[in-house]
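Please open the structure in your viewer and keep the selection tool at hand. The tour begins with the whole chain and then turns to selected parts.

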Amino acid sequence: MNIINTILIEDNQAECWALLEAAKEYPEIAVTAVTDSAIQAANLLAQHEFHAMIVDLDLPEGDGINLICDLPSYCPKSRPLVLVTTCVTSETVFRCLRAYGADHIMRKGDPAYNANYVMQTLARIAPYRNPTPNLPAVSWAQAFSPEEMRRQNVLDRIGRMLVSYGARPNLDGYDFIIEAVKAFMETGGPPPSLSKEVYPAIARRYGKSAASVEHSIRHTIEKMWSAHPQRMRSDGIPWDPKTGKCTNGCLCRFLAAQFRADYRGQVTGEDK
């Protein structure tokens, strides 16, 4: 039996413990290094040979994205199999990670996600890993412009706020809300019409009908409002006093107003 020498890079202690416990069910997996720091992980990867790495993107020291993108400099001869676990839902980030060698990306918000699923996936795909791919030695900062990185960071912050209110990233409405807020933040003149402009634009992009987009957003907002009405009200999110609920327009316009300056770079002094 070939042992899969694995490094675990995770800052959430409960998540880390669950992964270590799950690994015990797979005798072929040996977790020989654990760290919550991307900086320390880089040093370990440069000093030791690992067959696989399980890495969270959100880390207190360093950045999981840059760690993956810079793997060729840490492992010039043989790179590990890369499994990503993350709360991030951005397809832009996922495309970048796949381009730089991420073998499998697992979203923590997905219903199927758990520690055993991570280890099961590792055990399944490890025998087919390619230890010497032709990876570009370019960092995330070089691959994306500062403006793109800033905007994507704002969209990720909006996504995390929605999750904190109870939105599930696997729902279509989750992505549609972010797209709608993005449309409001990008406009330079009067705000666009949700029904006449925003919904049809999202529908074309995702291959849906405008009515389906509107319904998905409303369904997601209703779930959030049912789960955390007092918290959303205390955070200043407006609601319709007639129905006692938050509408699609209320939430999207509120989030756009909250994040517009950061998205356009006005806070940092960049050009609009």
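Among contacts in the protein between residues at least 6 apart in sequence, what percentage join residues at least 24 apart? The share is 67%, where contact means heavy atoms within 4.5 Å. This is a predicted model, in which local features need pLDDT of at least 70 and side-chain atom pairs count only at pLDDT 80 or more, while totals for chains, interfaces and linings use all residues. Residues are numbered from 1 along each chain as its sequence is written, and side-chain values use heavy atoms, with hydrogens and water left out.

Display the whole protein as a cartoon. Its secondary structure comprises 13 helices and five strands (DSSP runs numbered from the N terminus: helices are H or I of at least four residues, strands E of at least two).

Next, select residues 172–186, helix 9, and residues 194–206, helix 10. They pack at an angle of about 125°, with axes 10 Å apart (axes are lines fitted to C-alpha atoms, for helices over the stretch in contact, and angles run from 0 to 180 degrees between N-to-C directions). The two helices are therefore oblique to each other (angles under 35 degrees count as roughly parallel, over 145 as roughly antiparallel, 65 to 115 as roughly perpendicular and the rest as oblique). Show the side chains at this contact, including F176 and F184 of helix 9 and V198 and I202 of helix 10.
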